[in-house]
Amino acid sequence: MSTFPITCFQERKTPFYYYDKELLERTLDAAEAAIAGKPVKMHYAIKANANPEILRVISSRGFGADCVSGNEIRTAIECGFNPRDIYYAGVGKTDEEILTGIDCGIGCFNIESLEEIDIIASLASQRDRKVTVALRVNPNIDAHTHHYITTGLKENKFGIDLTLLDEAISKVMSHRHLDLGGLHFHIGSQITTNEPFRILSRRINDIITRCRVEKGIEFRFINAGGGLGIDYENPDLNSIPDFEGYIEALTEQLSPDECKELHCELGRSLVGQCGSLISKVVLVKKGLEKSFVVLDSGMSDLLRPALYGAHHKIENISEAGQPADTVYDVVGPICESSDVFGKDELLPVTRRGDLFAIRSAGAYGEAMSSRYNMRDIPGSLLI
Ligand code: LLP
C-alpha cells in the first residue's frame, strides 16, 4: 500500500482527486528517457486529464499536446503548450473549433475523413492561411482491449480506411491551403502488451514505403497515437509504465529513412498512476448477506467502473496497516445499480468517516466527471 499525506486530507471536502506530483514527475522523466536521442516527439493527450496544474507540469517539459476540441486547444495554450506543438484530432470538428485551431496557429489538424478535407480547406482559405494536416489512417489492427476503446478496426468511426488513402492524399494535395505533413494512427487505449504496437509499426512502415515508392511522397512526421496501458491491479508495484518497451516496439520495424520523425500522444500512461480519488465512508450498511461500504463518491466522480466494468484498486487509507480480512461491496450514492466500485473487496474493518483511496484514477477520472444527480464536481489537490 502506498503512503498518502493523510493529514492534508483530513480537513478537505471529499471527494477530491489527489495527484502525487513527485510520481507524475518521475513518470515524465521515464517517458523522456525512453525517447532521448531518438527522433521521437512526445505529445500528451489532454483528454486523459485537463487539470490545469497537471497540464502546467507536463507543458513545462516541452511536450506537445493532442487535443480533441476547441476548448482543449484554448486550455492547452493557457497552460503553457506551444501552439505549434498542438495537434487537433476528432471525427466531428465543428467550423468554430477548426477556426479556433487556425486562429491559434496550431501545428496540425489530424483529418479523419475525406469529407473533412474540403471543410478544413475551405475554412483555411477563408482565413487565407495554409494549414498543416495529417491523415488519420485506420490500420485495421486489433488492440485486444475493451471494445469501447478499440479504435483501429475497420468498422470504427475513426480514421480513413487504408483503401481510401490514395484518394485522400490526392484530395489534400489539390488544395493550396493544405500542406500534407504526415500520417496519424491510433489503435486503442489501455493496451497491455507490446505486440499490437509492433504490428502497427510494421504496418506504418509498409504504408509510408509504398507512398514514397509509388507516389514520391515523403512525410515529415508519423504520429503513432497513444494507447500504452497501466497496471490497475498493482499500482505500487508498477507505478511507472514501460515506456522503453513501448518505444522499442513502435520503432523496431520503422526504418529511420522512411520515418523522419515519430510522434506519440500518450494520455493514460503519463497521468494514470499519479491520481487517486479520495472519498469518505458515509456509512457501512449491513445487508442480509453482504455488507456495503457506501462512499461519498460515485460514478459521477469516476465513471470508468460503471461504463467499462473497469476495476480500480480500493484502499481504506484510514485503517492502513490493519489486516484486510473483511469482505465488502464498495458502492457510491448514485441512483444507478452500476454505481459500484468493487464487489467482494477484502478490506480492514471499515467505519463511518474512514477515508478511501480509489487508485490509478489520474487518467479519465476527473476528466470524465459529471454533475449527474446534481452532484458537485470533485475538487483536486496536487502535492
Ligand atoms: N490519441 C487519440 C487519437 C486518442 O483517441 C486517444 C484516446 C489517445 C491518443 C490517448 O490514448 P491513451 O494513451 O490514453 O490510451 N475513457 C477511456 C479511454 C478513452 C481513450 C480515448 N482516446 C478509459 O477511461 O479507459
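## Asp66 and Lys47

The side chains of Asp66 and Lys47 form a salt bridge, with an N to O distance of 3.3 Å; the term means a side-chain nitrogen of Lys or Arg within 4 Å of a carboxyl oxygen of Asp or Glu. Asp66 belongs to strand β3 (residues 64-67) and Lys47 to the loop between β2 (40-45) and α3 (52-59), so the contact ties together parts 19 residues apart in sequence. Helices (H or I, at least four residues) and strands (E, at least two) are DSSP runs, numbered from the N terminus.

Asp66 is buried at 2% relative accessible area, whereas Lys47 is partly exposed at 34%. Buried means under 20% relative accessible area, exposed over 50%, and partly exposed in between (1.4 Å probe, protein chains only).

## Basis of the values

The model is predicted: local features need pLDDT of at least 70, side-chain atom pairs count only at pLDDT 80 or more, and totals for chains, interfaces and linings use all residues. Residues are numbered from 1 along each chain as its sequence is written, and side-chain values use heavy atoms, leaving out hydrogens and water.

## Two arginine pairs

Arg212 and Glu258 form a salt bridge with their closest N and O atoms 2.8 Å apart. Arg212 is in helix α8 (residues 195-215) and Glu258 in the loop between α9 (243-252) and β10 (262-266), so parts 46 residues apart in sequence are tied together. Arg212 is partly exposed at 32%; Glu258 is buried at 12%.

Arg359 pairs with Glu315 in a salt bridge at 2.9 Å between the closest N and O atoms. Both residues, Arg359 and Glu315, are buried.

## Total and network

The structure holds 26 salt bridges. One network of salt bridges links Lys21, Glu25, Asp29, Glu32 and Arg61.
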